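Hello,

Here is the structure for you to look over. My notes follow below it.

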Amino acid sequence: MNDIVIQTEAITKTYVSGTNEVQAVRGIDLTVRKGEFVAIMGASGSGKSTLMNLLGCLDSPTSGSYELDAVRTEGLEKNELAAIRNQKIGFVFQGFNLLPRTTAIENVELPLLYDRSGKKRDTRALATAALERVGLADRLEHQPSELSGGQQQRVAIARALVTEPALVLADEPTGNLDTRTSMEVMKLFQELNEQGITIVLVTHEPDIAAYAKRIVEVRDGKIRLDHEVINRRNAAVDLQEAA
Amino acid sequence: MKTKTLLKVATQSIQKNKLRATLTMLGIIIGVAAVIVMVAVGYGARSRIKDQINNLGTNMIVITPGAQNTSGVSQGAQAFANLKLDDIDKIRRESQYVSAISPVVVSRSQVLGPQGNWRTTINGVDPDFQTIRNWETQSGTFFSEDDVRAGRTVAVIGQTVANQLFSDSDPVGQTLQIGKVPFTVMGELTSKGQTASGSDSDDVILVPYTTATTRLSGRQFIPQILASTSSEQDIPAAQNEIKSILEESHKITDGNDDFTVRNQTDLAQAATSSTQVMTLLMASIASISLLVGGIGIMNIMLVSVTERTREIGIRLAIGARGGDVLTQFLVEALVMGIAGGLAGLMFGVAGAKLVGHFTGWETVVSPLIMLISIGFSGAVGVFFGYYPARKAAALNPIQALRYE
């Protein structure tokens, strides 16, 4: 059985602004298997954000091939990319990016409403289950403004999980959180990973990357280092020690 | 996305910005209300004019002596005694379409009654006059064919005359004196109020035309003949018939008639079409407000798209298609348009009722107008919402997500 979730071959991305050409990604080969927990690290300007946009099918590579969960994505139409984002990827952003003045359950339900695969599902029940999974069963009808930062990020994670995607893509998920809340969120990610969910985490903080199983370091649009995490941190233990 | 979900998303985002949405809809509300009031008032004015014209008589045809040229000098209308009682008899005998015909022999005279004296118009007419003018007696009866043949001195009086000569007592059976001739009052007519030209319809005494020509004016001259048909459709045919009968009896072959035949429909149509033009004009001015309302919607939607760039980015990132975003904003504009239309409809109907109350006109808002105005305001919403919605749908998810 093919358990490869991400497979890129020599993908590049070149931005043209005026007469300037900027090569943000210069040929990256990356393979991520099912159940992996990968941290993509790099300084700002290293090309990690562009790589993340490419992996998230928010953008198309200039050249190279990208296969996500056994689907080739290059040359797909905008609407086809939208469908892939909807069904195969769960996004978690730095700024939470929840819809304001919309309850937690409605936010989590949202990706299911855009699903065009025609599956008949009880979207309410699925959204409730996803929120229970992140420990927010008692916050279903709360609006983002009534939730703490950590809770908001949990809602965002529930929204990413509700479609049962092949890949959870988290872009600096702890960037707006304090140390303790960051640990809580990382604990949740580690738990989800234990349950078999593939996670790709983009971060520039080595402390956060240490919670992943594998680190990919990007510099100048290329992979410089790709290694297993030695001395992997356990968020549950760290939380206990901090308490 | 399901239609229900779409409507929910649209109404939610309108509810989240109640004040702004209300201000946006204000243009549409005013526009629709104005259109509805204008159309209702226009309808009221039209039916009012129609009533006034019908008041003159139903399906009435008026025959008057025409202008005559004597050696190139026109003597103007009604200068000659061209119409004779023989003409009336001939039309009555030969015409198929004319159902009632009466001469009107007009004179003015001082009238004396038990309670006072009064100067008024004496019209010598046939009993058919009652049918032609559609004029009932409120007490007593109209004089008969027999009274006409015998030339009896009987009279039917209008309300104004009754009030002047008999005050509060019932005039029927009493006597009044026209000039020096005593007349017995047979009936009192119902009130017809003012004529279209503003004179008092009820200031009149009707007597048999035979009596009028022999005992009052002493002339055979007939200034006017009134005729009517049993249905409106017959009027043109009856007019042609009267024309040819009179041409024959007046021995006119060159088409240079010495009489004129007119009908009330012409008058009614002219009046109706002029109010129609007015209504149209007012309604089109009012619809400019709808246009302005539409531009208001576009304006707010553009602001809204910019303000909600991040929301659009989130939706696109989690799998909304451009089409989904487009539909969402279009439905929002549509809902605002229709909601504005509904509110405008309510204000419009209330306004029309108010105008009707103060003018006494019958203002009617037809269901068709309601449907059209709601449909139109929805269309305005979609039309002016399309550009902002397209702008939203075309956003790049990466940039939209980064938008602060």
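What share of the 404 residues of chain B counts as buried? The figure is 41%. A residue is buried if 20 or more other C-beta atoms lie within 10 Å of its own, exposed at 12 or fewer, and partly exposed in between, with C-beta atoms placed from the backbone.

Some ground rules. This is a predicted model: local features need pLDDT of at least 70, side-chain atom pairs count only at pLDDT 80 or more, and totals for chains, interfaces and linings use all residues. Residues are numbered from 1 along each chain as its sequence is written, with chains lettered from A and ligands numbered from 1 in the order in which they are written.

Chain B overall. Chain B has 13 helices and twelve strands. Helices (H or I, at least four residues) and strands (E, at least two) are DSSP runs, numbered from the N terminus. The radius of gyration of chain B, taken over C-alpha atoms, is 34 Å.

Cores. A nonpolar core is a set of buried Ala, Val, Leu, Ile, Met, Phe, Trp, Tyr and Cys residues joined through C-beta atoms within 7 Å. The largest holds 127 residues, and A:Ile40, A:Ala158 and B:Ile36 have the most contacts inside it. Helix H2 (residues 18-56) of chain B gives the most to this core: 17 residues. Another core, of 49 residues, lies apart from it and includes B:Phe183 and B:Ile222.

The contact between chains. Two residues are in contact if their C-beta atoms, placed from the backbone, lie within 7 Å. Chain A puts in 18 residues and chain B 16. On the chain B side, helices H10 (309-317), H11 (322-359) and H13 (397-402) each give two or more residues. H10(B) has the largest share, with four.

A sheet in chain A. Six strands form an open, mixed sheet in the order E6-E7-E8-E3-E9-E10. Strands pair if DSSP finds at least two bridges between them. Strands E6 (89-92) and E10 (222-228) of chain A are the edges, each pairing on one side only. Strands E3 (residues 37-41) and E9 (residues 214-219) of chain A pair in the parallel sense over four bridges. A:Val38 has A:Arg214 as its bridge partner in E9(A).

Best wishes

Key: Rg over C-alpha atoms; globule rule 2.2 N^0.38 Å.
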